[in-house]
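Thank you all for coming.

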Amino acid sequence: MRPPRTFSPLSLLRTSLLTATLVASLARAQTLDELYPRPHHSPPTPASPAAVKSALAANDKQPATQALAAPTAGGKQPAQGATAESEPVIVSTQERFLPEGEQHSPSTLHNAWTDPKNLRHTSSAVGDVGLLRVAGADPGARGVLRFSVLGEYFKSGDFPVVGAQNTRSSATFSASYVPLDFLEFFAAYSASANTNSRSSPNLIQALGDITVGARASRQWTRGFWAGVDVRALSFSGVGNQDVSQYVFGFSPRVVATYDVRERYPKIPLRVHGNLGMVLDGTGNLVNSTQLNAAEEYALNVNRYTRVSLALGAEAPLPGVTPFLEFNLAYPLGVEGDGLIAPDGQTVSAASAAYKTLNLGAKVTAVRDVTFTVGAELGLTRAVGLGVPATPPVNLVLGVSYAVDLLGRGGTRIIETVRERKVEGAPLPTTVQVPPTAATVQTAQVSGVVLDAQTHKPLAGVLVTVPGAGLPPVATEAGTGRFLTQPLPAGPVRLAAQKDGYLLKEQDLRLTAGQTSTVELTMEAMARPAVFTVSTTAQKKPVAATLSFQGPKNQELTTSDSAAPAKLELPPGHYIVNVTAKGYLAQTRGVQLSDGATLALSFELEPEPKKKLVEVKGDKLELQQQLHFGNGKSEVLADNSPLLAQVVDAIVRNGIKRVRIEAHTDNQGDPAVNLKLSKDRAQAVAAFLTKAGIDASRLEAEGYGDTRPIAPNLTPRGRELNRRVEFLILER
């Protein structure tokens with residue numbers, strides 16, 4: 001049910017004036033008809049007898065309700081050749097909007113392809129009029145208030161570093177209002193949650209980021225708008241929403257829009273451009289914390305001022321407006337050779353700068369409501385600390401609603417077109433011919449089937465059309481080509497199958513009387529690979545349990561017999577964990593290729609009588625410290641038993657990620673101590689990697705003498721400060 005409309009005094013006055021105007025117009029039209037009556041039609045030329053007979057025969061074929069001539073007053077038929085006027089009859093009605101009464105966001109579903117009314121001014125990601133990230137310079141109708149909600153989702157492996165698993169979701173709530181023809185105000189509130197296996201903690205939430213801004217623009221020439229856009233940014237502190245912990249930013253830019261339709265009406269295209277600066281203080285949120293790439297991305301920490309460039313194009317079509325965007329944010333003030341990558345290498349500012357190509361569409365089929373769907377494709381693969389990483393694919397879904405605060409809901413009037421009908425003319429007839437078998441039109445498909453890996457043609461592939469009831473056709477030897485049976489025009493689905501290959505299906509739309517061409521590629525089924533496993537201690541077989549983690553997770557138990565155990569698994573990368581009662585656990589990463597056989601042998605070490613490594617809370621507690629040469633980073637040989645127990649603790653407790661932290665005392669140059677601690681942490685990580693721990697599960701960091709646990713005043717205190725610690729990041 002439509003909600004009741006409320007009327008303000010201004011709207012009542014406007015309605016009264018409109019009614020009075022319509023009544024006056026109707027009265028004036030009646031007076032004109034009285035002063036200047038319409039002339040009668042001149043008598044028609046008498047028809048010949050043959051023409052009369054033909055007309056009578058034609059009218060005899062019409063339904064009874066469509067008589068040749070209607071009776072006049074009194075029930076008499078008009079004489080042949082005489083004129084007879086009936087009352088004016090309605091032949092058409094049409095609606096139109098009064099001036100200034102057009103709807104601000106009508107449905108565009110049934111418009112013509114190039115109808116200018118297909119254009120709808122919609123909200124961008126932060127509420128202002130635009131596309132997704134690109135702002136437009138044309139604010140649209142005055143008095144329109146827009147509300148929007150935009151959700152984003154991204155999930156990927158190996159992001160932002162190899163071995164990391166990342167999932168991010170966010171929501172932005174925004175509103176904008178156009179009080180004047182040249183001015184728009186907007187505001188947005190955003191919140192996000194990011195989970196990454198390499199961040200600490202894994203789940204990081206950023207709540208309470210706020211954007212407020214204004215845009216002033218005008219139309220400078222036909223189809224061209226330009227102006228300035230100013231935004232104030234605020235970012236909440238890490239772990240809280242206290243106003244005292246906020247930092248602020250500022251983003252001015254120039255915006256421009258050009259409507260191609262103003263010059264070429266048959267081309268439904270609008271282009272937009274933005275150029276400006278982004279100055280934010282997110283780097284000040286974490287001055288005392290050293291963040292890795294995953295944590296910088298989760299918190300959206302930028303440590304540099306950026307130049308922003310955004311280009312966009314949209315095509316307002318009936319029911320939908322597809323759009324395309326390019327966005328660039330280039331960091332300024334990068335010193336030296338560039339930014340430091342997570343692996344310690346150097347990357348240029350240009351290669352790590354935020355660059356995306358955005359594809360999407362805005363659905364405008366519903367009045368006042370706009371749905372937005374799109375994907376942001378990251379063009380940047382390099383990662384540099386200080387600039388958040390660019391995700392490869394970010395999915396976007398949003399909805400916005402527009403309200404006209406000036407009360408223009410589409411004020412319409414109905415125009416009725418009336419004509420006087422001349423009696424005596426035969427009415428047209430319409431003949432409908434039912435479809436016959438001869439009218440059914442067909443088409444065929446000609447194609448080739450190739451191996452997806454080698455791109456060589458495949459022979460003997462059976463190509464069918466499921467549900468068509470037609471026999472399959474086989475591809476030719478040597479060429480891999482095929483030609484289907486005649487098929488009904490319209491949508492069809494082809495299915496190709498061959499032993500040793502995965503089923504391939506493809507949808508096509510066939511045009512009557514034409515032969516469509518298609519190329520099908522088929523993926524060969526993966527052949528299982530074989531592990532042959534033996535577990536020994538002092539060269540003698542021992543029973544053990546092996547856990548295989550990879551494309552398929554499976555366990556295998558070996559016996560104390562001499563025969564190795566065998567296991568078939570799909571090809572891929574596997575982590576193999578080995579545990580046996582009375583022996584230290586081991587682990588190893590292996591790569592298994594398609595159809596290969598891989599022999600694995602594990603020489604197990606007996607458990608020591610005294611355990612030197614224990615899991616306590618989020619740490620691996622060592623009962624004795626690792627030894628290094630004086631001022632050296634090389635791991636000494638006598639550390640092997642202790643590090644073997646570290647591996648055992650990681651495997652048995654299911655620890656997925658560990659951070660190795662090295663520290664020194666305060667003797668010597670602090671810079672030298674810092675480098676020495678980093679080198680020692682890397683050396684321990686390399687030792688554990690050689691022992692079987694996958695490198696993606698380890699992080700290494702050195703802190704020099706900045707984190708003492710005892711006073712450096714005594715030899716004992718300095719000894720305690722020279723230490724290596726193992727922190728559990730993920731289980």
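I will begin with the ring pairs and then turn to the arginines.

This is a predicted model, in which local features need pLDDT of at least 70 and side-chain atom pairs count only at pLDDT 80 or more, while totals for chains, interfaces and linings use all residues. Residues are numbered from 1 along each chain as its sequence is written, and side-chain values use heavy atoms, with hydrogens and water left out.

Rings of Phe, Tyr and Trp (for Trp, the six-membered ring) pair if their centres lie within 6.5 Å, and they count as stacked with planes under 30 degrees apart, edge-to-face over 60, and tilted for the rest. By this rule the count comes to 5 aromatic pairs. One of them is the edge-to-face pair of Phe-154 and Tyr-297, with 6.2 Å centre to centre and 75 degrees between the planes. Both Phe-154 and Tyr-297 are buried, where buried means under 20% relative accessible area, exposed over 50% and partly exposed in between, with a 1.4 Å probe and protein chains only.

Phe-531 and Tyr-574 also pair edge-to-face, at 5.9 Å centre to centre and 90 degrees between the planes, and each of these two residues, Phe-531 and Tyr-574, is buried. Ring pairs also join Phe-154, Phe-159 and Tyr-297 in a cluster.

Arg-218 lies over the face of Trp-220, 4.1 Å from the ring centre, and the charged end of Arg-270 sits over the ring of Trp-225, at 5.7 Å from its centre.

Note on methods. Lys NZ or Arg CZ within 6 Å of the ring centre and 35° of its normal.
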